[in-house]
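Take the points in order and find each residue as you go.

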Amino acid sequence: MIVDNLGMGKPSDLVQGTLDLLILKTLLLDPLHGWAIAKRIQQLSGEVLQVQQGSLYPALHRLEQQGWIKAKWAESETGRQAKFYALTTAGRSQLEKETANWNRLSAAINLVVGEA
Amino acid sequence: MRLVARIRMAFLSLFRRGTASTLLDDELRYHLDRQIDENVTAGMSPKHARAAALRKFGNPALLRDQTRATWTGVWLDSLLRDVRYVTRALVHAPGFTSIAVFIIALGIGANVALFTLVHRVLLNPLPYPEPDKLVSIYEHEASNSNDHGYLPIDAGSFSEWQRASQGVADMALVSPFQGYSVSAEGGKLPEKIEAGMCSWNFFSILGVKPALGRPFGLSDDSPSSEATVILSGAFWHRRYAGDSSVLGRKIWLDAKPYTVIGIMPESFVYSGAFGGNTVQVWTPIAHEFPPSLMTAFDDHEAIAIARLRSGTTLPALVSRLQAIQKEIKAGHPGPAVHSSVIGRSMLDDAVQDYKTPLYALLAATACVLLIASMNVASLLVARLASRRKELAIRVALGGGWLRIMRERILESLLLCAAGGTIGLLLAGAAIRWLVKTRHDMNRVEAIHIGVLELGFVVLAVIATALFAGLISAFSSKIKDVLDGLQDSSRTLSSSRARAGLRRTLLVLQVSLTVVLLVGAGLLLKSYQRLRSTDLGVPADNVLTLHFGLPEARYKVSAQRIAFFENVLAQVRAMPGIQSAGLVSAAPGQGYGGDDLVTVVEHPSLPKGTGLDLQIRGADPGYFSAIHLPLIRGRVFRSDERLDRANVVVISQKAAEMCFPGEDPIGKHIKISVDGRIGEVIGVVGDTRWNITEPPMPQMYWPVLGDGWVNVALIVRSPSNVSAFAMPIQKIIGSLDPDLPVSGVGTIRESIAKSTIDSQFDSLLVLAFAVIALVLAAAGLYGVLTYLVTQRTSEIGIRIALGARREQLLGTVLFDGLRPALVGLLLGLGASAITVRLIRSMLYQTEPFDPVVFLSVAALLLLVATLACMLPAWRASHLDPIQALRTE
């Protein structure tokens, strides 16, 4: 669901964990609101990854409940109030952990796929 | 930090639900608006831009729900909603709810009360430091196996044991069944008190110290020591009003001076199999026992207690002592010298008598709880059945099956929680009642509801709720429920299956009920046997005080009568005294003398023979004061005194013996020895002079007549009658300061506790059995009513087709009785096993008493038939037109 062209029916653990990683990574530099997060992921991935709202907002709220990110209402670039998400200290270390995990996992997958 | 943030989030999403939802809507709308803006920028018309954005956005409601589902505490939210829903449903069915709660309250209440008893009396450690190291040592004789073979010991053996156990255990000797007369001192009157004589180290081995003063020392515990005494806290408060100046003073025991060296705390109790919990003073045993008794091997006047040193066990100590005892027996082969040693923990020693009864009662209450939860399960199943359509629709509309299951469990949990709360209150009341009525029980002072008991309530509630809830939840499979939508009212397969489950529950219920009934029947029969040792009058709250008017100072009867009436008038005027009377010997307190009599109206008997009647003197108020039932005629009038005291009241047995088949009133009885003649004016109930002996025929003469010197003043008060002991003694003392008052105590104290135990156990088990019977009958009635309702149209068709009504009645009745019959057989089988366990509680009653078994079977069948009769009758009298129109 995070990626349109993957065409997956249900978010698997892998995909869900990946979305968390993407969100955390996106928020590493500065606080963003939901729309901007989706856009930023889209841009950085070269328009490959299109985050659906149906996945994005539940993920954001889950991360917030877990304390990895915190939210604040502030004026957005259009002048309207928007909910900005920022990384917490705990979120920062979680990002490191998930990045390491991802690297291990993708390297492993590459090994398998590359061999084939 | 993260924890704080998470808690804050949980709090916000739980309690600021409205705000959080609005904010979520805002957040999502912002996203949507940005999408629209983007689309417009890309060149779409505003209308198309909005439509495209919405398409991309998906279902906003679903998104909102999915997002909200990530919030912490959301499960709690839905749980609360379920609780609200279930509560509402229960409140809408007040009949069902109150019956279910009541049943559970009974079950849990009884269990909590019994659990509290078992825990506090049997399992709780004794109130001494390291109580598990304390043991009681007895002697044992293989040939003398009554009383479980725990026999008192001789002081001679004890000295040998003490020497042999050095380094392994510390031993003390105690004789807790002694007594003294306390002489008058400081304005107080003499009285007889229970006493314990103990070796000097008794208290230090128990690990207790006097609250005031010092414990005994080795130097106090020898024949040549100065006489010393330690008072019990209760005695100190009662006789000395808690005055600490009594410490160091001398009190007179059996007319000898003893220095009070210590006062035990009021909480100190020593309870052994041979008594001790009513001991009022403690004295050193070697000072009190004559030296010959201290060295005798054949006079068994004490028991031994020991504190095991670490590394020793009770069997090790016993086998060590056993070797010594063998040598003693070899050296002193007299018949009264015991040959072996036996020991048990001090806790067992105190509570052994209560173990079987309490565990039997606990098992009975567990049965009641099991039956109660089955009944509630059955009620829940029935309730569920009546809501089948509703459930089917919910499932069809996408209601989660787990959710519906959870509702079932919640429903039963709510019922059980309410029942448990009420049950706890019931248990509290029951325990208060028990502590008040059973002060004869060892360790009754320790009984109270504590943390563990509250935990037990919670556990019982959860277990009952799960049991009842799961049965009701699993009673209908999802497939069956969906069938409910297709069901016409005339296809009944699944509802019959559900009734089948309820039938199985019923069989179990009935068999448990039968077990309880058999147990109750046996105990009741045994109690009935023991009841032949009932005193004849209610024994509670009666205080007796004995005094005798010395003839040297009370020369003529008129003086004595004046004194008697003076005492009675003053005692009856005391606030709190219900009634008072005088009798020459109170029930259960001694033989009191007998005389041979003849009936004047009957032909004379051969010389030297006559009818043997126990003789009593009583004042006119005695009969009502002691609650002795008047069966015929009247009792004395107050003017029937001195030379007009020629009237006599006889007991029922005396009436049967002296006047068989005749009306005794108006006849005359003549005492052979002095020729005194009295007119029989009344017949009263029989009383026992000794609890273990059959009642003797008795006659009562006016104590206000001639010749009565020694009397018992009996006093009845609604509560705490012992508190009147001192004031009454003061009254007597103010009338005659030199008059010794003795035998101060309640009648209850003078009765062996075996009858009370038996009464208590049998009545409680009977109560539980009755509860079980009522529940089982209600279950039978409920199931059959349900079946009949379900089969209304079928029965209607049968009647319309010409089925005979009595045939229908029989069919339905048998349908209902079948589970009862199966349960009865199962229950009788189970009883055959369980009754062996209560054999030790039975008195002159065989465990396999055919009368009891047959009566239980008959009673159960009768009750079951009655319970089934109404629904069966209703079924057979259905109006077929009405029945076919139903639905």
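1. B:Ile230 sits opposite B:Gly262, a residue of strand β8. Keep in mind that this is a predicted model. The strand that pairs here with β8(B) is β6 of chain B, residues 228-231, and the two run parallel, joined by four bridges.

2. Stay with B:Gly262 for a moment. B:Gly213 also stands opposite this glycine of β8(B). B:Gly213 brings in another strand: β5 of chain B (residues 212-213) is joined to β8 (residues 256-263) by two bridges, and this time the strands run antiparallel.

3. There's one more partner to look up. β7 of chain B, covering residues 250-253, pairs with β8(B) through four bridges in the antiparallel sense. To find this pairing on screen, look for B:Ile251, whose bridge partner in β8(B) is B:Tyr258. As background, strands of a sheet pair through backbone hydrogen bonds, and they can do it parallel or antiparallel.

4. Now a helix. α12 of chain B runs over residues 314-331, which is 18 residues. From first C-alpha to last, α12(B) reaches 26 Å, close to the 26 Å you'd expect at 1.5 Å a residue. Which residues of α12(B) are buried? They are B:Leu317, B:Val318, B:Leu321 and B:Gln325. Look down the axis of α12(B) and these buried residues fall within an arc of 90 degrees, so they line one face of the helix. The face turned away from that buried side carries exposed residues, among them B:Ser319, B:Ala323 and B:Glu327.

5. Over to chain A. This chain has four helices and three strands, and from the N terminus on they come in the order α-β-α-α-β-β-α. Of its 116 residues, 34% count as buried. Among contacts in chain A with a separation of 6 or more, 49% are between residues 24 or more positions apart.

6. β3(A), residues 81-87, is mostly covered, with five of its seven residues buried.

7. Check the two pairings of β3(A) separately. With β1 of chain A (residues 32-33) there are two bridges: A:Leu32 has A:Tyr85 as its bridge partner, and A:His33 stands opposite A:Phe84. With β2 of chain A (residues 69-75) there are seven bridges, and here A:Lys72 is the residue opposite A:Phe84. β2(A) and β3(A) also form a hairpin, with five residues between them. In that turn, A:Gly79 has a positive phi of about 90 degrees.

8. Last, see where the two chains meet. The contact takes 20 residues from chain A and 18 from chain B. On the chain B side, α1 (2-15), α2 (17-41) and α4 (60-68) each supply at least two residues. Which element of chain B gives the most to this side? That's α2(B), with five residues. By class, the chain B side has eight nonpolar, six polar and four charged residues.

Key
Residues are numbered from 1 along each chain as its sequence is written. Chains are lettered from A and ligands numbered from 1 in the order in which they are written. This is a predicted model: local features need pLDDT of at least 70, side-chain atom pairs count only at pLDDT 80 or more; totals for chains, interfaces and linings use all residues. A residue is buried if 20 or more other C-beta atoms lie within 10 Å of its own, exposed if 12 or fewer, and partly exposed in between; C-beta atoms are placed from the backbone. Two residues are in contact if their C-beta atoms, placed from the backbone, lie within 7 Å. Two strands pair if DSSP finds at least two bridges between them. Ala, Val, Leu, Ile, Met, Phe, Trp, Tyr, Cys and Pro count as nonpolar, Asp, Glu, Lys and Arg as charged, and the others, Gly among them, as polar. The expected span of a helix is 1.5 Å times one less than its number of residues. The arc is that of the directions from the helix axis to the C-beta atoms.
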